[in-house]
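Dear colleague,

I am passing on to you the structure that we discussed for your files. Please find the sequence and the coordinates below, followed by an account of what was found.

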Amino acid sequence: MAVVFQKPQALLDVPFTYCPGCTHGIIHRLVAETIDELGIEGHTVGVAPVGCSVMNYNFFACDMVQAPHGRAPAVATGLKRAIPENIVFTYQGDGDLAAIGTAETVHAAVRGENITVVFVNNAIYGMTGGQMAPTSLPNQVTQTTPYGRDTSYSGHPIRVCEMLATLEGTALAQRVSVDNVKNVQNAKKAIKKAFTYQIEKRGFSIVEVLSTCPTNWGLDAQESLQWLRDNMIPYYPLGVYKDVGGTTK
Amino acid sequence: MAKAIIDETKCKGCGLCVAACPRKILVLSPDKINSKGYRPAQVVDQSKCTGCASCAIMCPDVAITVER
Amino acid sequence: MAKVLMKGNEALAEAAIMAGCRHFFGYPITPQTELAAYMAKKMPKIGGVYLQAESEIAAINMVLGASAAGKRAMTSSSSPGISLKSEGISYIAGSDLPAVIVNVQRGGPGLGGIQPSQADYWQATRATGHGDFHLMVYAPSTVQEMTDLVALAFDNADKYRMPVMILSDGMLGQMMEPVELKTANATDCPIEKPWAACGHRNSRPHNVINSLYLTPQALEELVKKRYEKYEVIKKEEQMADEYLTDDADIILVAYGASSRICRTAVNTARKEGIKAGLIRPITLWPYPAKYIEKHIAHAKAFLCVEMSMGQMVDDVRLCVNGRKPVAFYGRTGGIIPAPDEVLNEIRKLTGGVK
Ligand code: SF4
Ligand code: SF4
């Protein structure tokens, strides 16, 4: 018998600190599988955000730098410019990337910074206990929108891939989901493509992964996947928003 | 003959593997509680496993190894 | 090397390059623009990086990234921009990363003005960001010293693994003086950095650059260790220049641009028969307390002169600790005190102490 599925090498043997059923773990694994398959762990540096995944420096086996809230793309820029022969990725949540770090995100894309951004969108601030995120949906109830997000008062959710797709420097902007086996496999392909584009020096690549937060959504793991399908995917359609094309499939 | 091996110490009992398995051979343990305080997933009928790895693909805690 | 005539900001930039800095991240602000412009011109020619960031916040975080990768990295700004960088500086300190930050001070608060000022002393020595930490702060007073201190700043940043600031001002930045540049470092990373996050190449466990410690005990222990290092720095790194202090009754204390005015005032006072002298702190943190201590016995009074409403005077008073009177004279808002004004203050003190 052969092992057909096991923990990737690029993940350290440390239990995740995420809540039961939180799909951060799946996304971590996909990044690690990508690193394994491309054989790049030894020359990859990851940048951890502030948010639920702040401690992902404990999970990834490559070198890691923890960035101030929202500044991961700027930190990654400094790293990539300093050691361009290395692969540099950021792993960021929606508050980190699309609220406090919007400028850093947009301008890294504007510069065509040759880095890969893994953007985990679960429409809520998880670590601080479930406040409205820039990507929280209209009418979504959160700790800070207790009557539902009123878009006329709190603004509209931001569609990051669509926005970044308008920028010259963006090589790949793709939205995926991890709500079922097929979508997880597609997400993996997208993440691998994003890393490959960096290896091929194509510029800024971002994969937005729709993800769950069972704890702060107040649902169980399975219900959360259903909520994602019913509510997030219609507002954040999956697909490729920009792809400069490449040798990789 | 395929095999899904669940590392009960890593399992958080979220049940995503249970729902993902097309052969419906996984359950959350009715009686066991692991060291983290969760009811770990278990394979009830290993002989029916096809080794498709659907469970492992959906497991957020990388608790499942699949052999085929 | 022969002396060349250079503008302060440009001389500092050249000296940084000679010290091995190949990574400069900036954002335009007056009056430090020449520094960034010089880097933009020079870096591409020597295989270095000059990058104009989208903000001061991004610039300091790019410094964090390049420094985490093990490179000598630098950013420069002026007062309002340093406020924006303070978040990043705190993270750099909390991650034990070296970095050199230049503040070419201008008047504040808020947008303030664009004329020279020394009103960021507190910010530099007390509160450049949140948390328990220090950065080393060097205060040059000549163009030559701008170049010498930037080399020392890079060396000490690496040696102590902490951020170091060059606290300059608009006057020094803009002024032209002859300078002699030291020989260039052969490499852009003169010391080994086994801690750097530059890819483990499958030959060591992964390196993590981080400032998060969720258990209070671990954080306290780490901060305390850092403070032990600060004690070493306080002992080893104090720097000051003394002028006619040996027999002085009135000892002026001033740094940077205002120390130049004070020197003139001391000379005039001496001509009038007043025994005045000058202590010019070169390190603002660690504060050169030992230089002041030496003179407490014979000095009749201290006079602290600043281009601010009085910030460094706190440190002078801490050193003197009530043993002698400490007076203050300052101009602010971008105004440089005139030598006559300072002389007047000296005269007042002599009148008072006789
Ligand atoms: S490998 Fe496939 S068939 Fe076997 S337990 Fe997992 S999901 Fe079920
Ligand atoms: S998906 Fe993983 S963590 Fe969740 S119940 Fe199954 S084995 Fe346990």
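In this predicted model, Val253(C) stands opposite Ile279(C), a residue of β12(C). The two strands concerned are β11 (residues 250-253) and β12 (residues 276-281) of chain C, which pair in the parallel sense over four bridges. They belong to an open sheet of five strands in chain C with mixed pairing, whose order is β10-β12-β11-β14-β15. At its edges are β10 (240-243) and β15 (326-330) of chain C, each of which pairs on one side only. On average, neighbouring strands of this sheet are turned by 20° against each other, direction ignored.

Two helices of chain C may be described together with this sheet. Helix α9 (residues 256-271) of chain C packs on the sheet and touches β10, β11, β12 and β14 (301-306) of chain C. The direction of this helix makes about 165° with that of β12(C). Helix α11 (residues 313-320) of chain C lies across β11, β14 and β15 of chain C and runs at about 170° to β15(C).

A further sheet involves chains A and C. It is an open sheet of eight strands with mixed pairing, in the order β8(A)-β6(A)-β7(A)-β5(A)-β4(A)-β2(A)-β3(A)-β9(C). The strands β8 (239-243) of chain A and β9 (208-209) of chain C each have a single partner strand, so one side of each is left without a neighbour in the sheet. Within this sheet, β4 (residues 87-93) and β5 (residues 116-121) of chain A pair in the parallel sense over five bridges. Gln92(A) stands opposite Phe119(A), which is in β5(A). Helix α9 (residues 221-235) of chain A lies across β5, β6 (170-177) and β7 (204-210) of chain A, running at about 135° to β7(A).

I turn next to the interfaces. The size of an interface is often given as the accessible area lost when the parts come together. Chain C and chain A bury about 2,600 Å² between them, and carbon and sulfur atoms account for 60% of it. This contact takes 35 residues from chain C and 36 residues from chain A. Glu54(C), Arg201(C) and His206(C) supply 20% of the area that chain C buries against chain A, more than any other three residues. Glu54(C) also forms a salt bridge with Arg111(A), the closest N and O atoms being 2.9 Å apart. This is one of three salt bridges found across the interface of chain C and chain A.

Between chain B and chain A the buried area is about 2,100 Å², of which 68% comes from carbon and sulfur atoms. Here the contact takes 26 residues from chain B and 30 residues from chain A. Ile57(B), Met58(B) and Val62(B) supply 28% of the area that chain B buries against chain A, more than any other three residues. The count of salt bridges between these chains is one: Lys10(B) with Asp13(A), where the closest N and O atoms are 3.2 Å apart.

Finally, there are the ligands. Ligand 1 is surrounded by 13 residues, of which the closest are Cys21(B), Cys49(B), Cys52(B), Ala53(B) and Cys55(B). By class, this shell has nine nonpolar, three polar and one charged residues. The residues around ligand 2 include Cys11(B), Cys14(B), Cys17(B) and Cys59(B), as well as Lys12(B) and Ile64(B). The shell of ligand 2 divides into eight nonpolar, two polar and one charged residues.

With kind regards

Conventions: Residues numbered from 1 in each chain as written. Chains lettered and ligands numbered in written order. Predicted model: local features only at pLDDT ≥ 70, side-chain atom pairs only at ≥ 80, totals over all residues. Heavy atoms only, no water. Near = heavy atom within 4 Å. Nonpolar A, V, L, I, M, F, W, Y, C, P; charged D, E, K, R; others polar. Pairing = 2+ DSSP bridges. Axes fitted to C-alpha atoms, helices over the stretch in contact; angles between N-to-C directions. Contact = heavy atoms within 4.5 Å. Buried area = accessible area lost by both parts, 1.4 Å probe. Salt bridge = Lys/Arg side-chain N within 4 Å of Asp/Glu carboxyl O.
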